[in-house]
Amino acid sequence: MSPLVYTPLHEIEKIHADLEATFKSGKLQDIEYRKYVLAQLGYLVKDNFNAIELALEKDLGRPPLESEFVEINPTIDEAVIAYENVANWSKPVKPAFSSAWGATQRIVYKEGKGVVLVIGAFNFPLMTGLNPVISAIAAGNTVVYKPSEMTPATSALLSELLPKYVDRHVIHVVNGSIPETTKLLELPYGHVMFTGSGPVGRIVAGAVAKTLTPVTLELGGKSPVIIDPKSCDLPSTARRILFGKTHNSGQICIAPDYVIVPRYFQDTLVEALKKAYDEFFPEGPFAHRAMSRMINANAYNRLRGLVEKTEGEIVVGGEFKESIRGIAPTIVKNCTWTDALMSQEIFGPVLPLIPVDDLEEGLAHVRSNDVPLAVYVFSSDKRFQDKIRRETQSGSILFNDVVLQAIAEGLPFGGVGPSGSGGYHNGKYGFDVFTHDRASMNVHPLLTYSRLDSVLSFRFPPYLGRTFLMKHMAPALPKRPKGPPTKSSSSYGASTWVPIIVALFVAGGVAAQKTKVLSR
Ligand code: NAD
């Protein structure tokens, strides 16, 4: 594997200018050309499946199956979906008929925005790198891709492969750390897609403001898990939560960060988590290819420090192996809201459990913290699920599983406020982020000049004596409401509709019976 070589700073402006020239040449307006690049990106990953897997293992100690499941296959899938749909997604859209504007031809053209800058994070180099690159190409942009310097093997491999599959004047990789990214951010773009931490997200947002570049921020946060002891399936709850903390060694932006559990149920959950741990790691978590490692010594020491400071009780794991930056999945019970483990995004395989006497206490804390990327609810009770959904806010909400929303076809992925802004993959959501909806209006030839002007002549000065016309043309409003509604619309949930549907069903059945009787 070749070493990672940083891009010389003085080359960055030239790279940007080349990509801008390609965009302005209109090359990417050709859908067939976009499809060619998308297919090439898919083949880049497929042809180099093993090499990518090995590079990810070298950087993150990640077992190959994990890479296949959440990175390699979903990235190929993203390329295939874009390839198959780009022609349709790019079609101009006609707004619905309007009597007021019927004499005009109104069209929204789907256009690329220009040069797109994609800045990736270390934890999922393909998902946070190639994935947005695919969406940006589908939308008709050229791309500067800046992978993370913390995954040197994967970043070097992608830098070597990309020019073999795609013209450098269409996608160009820039490698480096802070100086290179800072230089990149001085230039204007059609759009910037940044995936990373909140503090760096703030730096990026500040930098792009100077060039008025729109930005999508994919950040992190503390995603809570809420347990309903009355209706969750305990063994699968424990297995799935532990999966979210074990996969990529918990270095996932949407990893379950902490668990809110009724106090009386905490030990029952701990027993189930212990059982899942024994199932997952029969030879221990540090065995060959058992689980990923922390990305570097800083990340290892940061998390080890938090575990050493916790005032909770370690009931599962708690082992460290510095030589391989290994941290065993660690469950810590009896944590409080002010515990060291609650002071920041954990981003590793450590899971604090917070026992509560009352669900409302847990919800109040979730609401008072930064809006997380995800909320996880383990319950099969629809009312419980609805209550959590209505009373919290997050980028996504999952019931009875974790993490899978990131790769589920048809769902947007993104945060709210401190956890990010703008949803992109999967599929068309990514295309939309990098697309400019260009409004167009064409006045029908039969209505040009003399005729239309005679109809609409009131808009031309001098206005004197004509204002009464506009007052008469003010749009009609719905009937004035007598006051706020007495019943909130949200109360028309399943509890209201289910009895109505059942009643209609029963009534329908009775009617059908009667019909049968009559027709005999
Ligand atoms: P990071 O913020 O340290 O780095 C991300 C990128 O920013 C890297 O390419 C890096 O080179 C660049 N960078 C770092 N410091 C910079 C600076 N001062 N100025 C300009 N650029 C700079 O993030 P990370 O450690 O790679 O990733 C971990 C974080 O990313 C976690 O918080 C995680 O939750 C988040 N994340 C979010 C998502 C998502 O889709 N929402 C996905 C993966 C990771």
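**Note on a predicted model: a helix pair, a strand and a loop residue**

1. Helix 12 (residues 359–368) and helix 13 (residues 382–391) have axes that come within 11 Å and cross at roughly 30 degrees. Axes here are lines fitted to C-alpha atoms, for helices over the stretch in contact, and angles run from 0 to 180 degrees between N-to-C directions. Two packed helices are described by the angle between their axes and the distance between the axes. Helices (H or I, at least four residues) and strands (E, at least two) are DSSP runs, numbered from the N terminus.

2. This is a predicted model: local features need pLDDT of at least 70, side-chain atom pairs count only at pLDDT 80 or more, and totals for chains, interfaces and linings use all residues. Residues are numbered from 1 along each chain as its sequence is written, and side-chain values use heavy atoms, with hydrogens and water left out.

3. Helix 12 and helix 13 are therefore roughly parallel to each other. Angles under 35 degrees count as roughly parallel, over 145 as roughly antiparallel, 65 to 115 as roughly perpendicular and the rest as oblique.

4. Which residues meet between helix 12 and helix 13? From helix 12 come Leu359, Glu360, Leu363 and Arg367; from helix 13 come Phe384, Lys387, Ile388 and Glu391. By class, this contact has four nonpolar, no polar and four charged residues. Contact means heavy atoms within 4.5 Å. Ala, Val, Leu, Ile, Met, Phe, Trp, Tyr, Cys and Pro count as nonpolar, Asp, Glu, Lys and Arg as charged, and the others, Gly among them, as polar.

5. Strand 7 (residues 223–227) is mostly covered, with five of its five residues buried. Buried means under 20% relative accessible area, exposed over 50%, partly exposed in between (1.4 Å probe, protein chains only). Ser223, Val225 and Ile227 point one way from strand 7, and Pro224 and Ile226 the other way. In a regular strand the side chains alternate between the two faces of the sheet.

6. Strand 7 is joined to strand 8 (residues 256–262) by four bridges, and the two run parallel. Val225 stands opposite Val259 in strand 8. Two strands pair if DSSP finds at least two bridges between them.

7. Ile295 lies in the loop between helix 10 (266–280) and helix 11 (297–309). Is Ile295 buried or exposed? At 6% relative accessibility, Ile295 counts as buried. Ile295 and Leu60 are 235 residues apart in sequence, but 5.6 Å apart in space, C-alpha to C-alpha.

8. For the whole chain, there are 17 helices and 17 strands. Buried residues make up 49% of the 520 residues.
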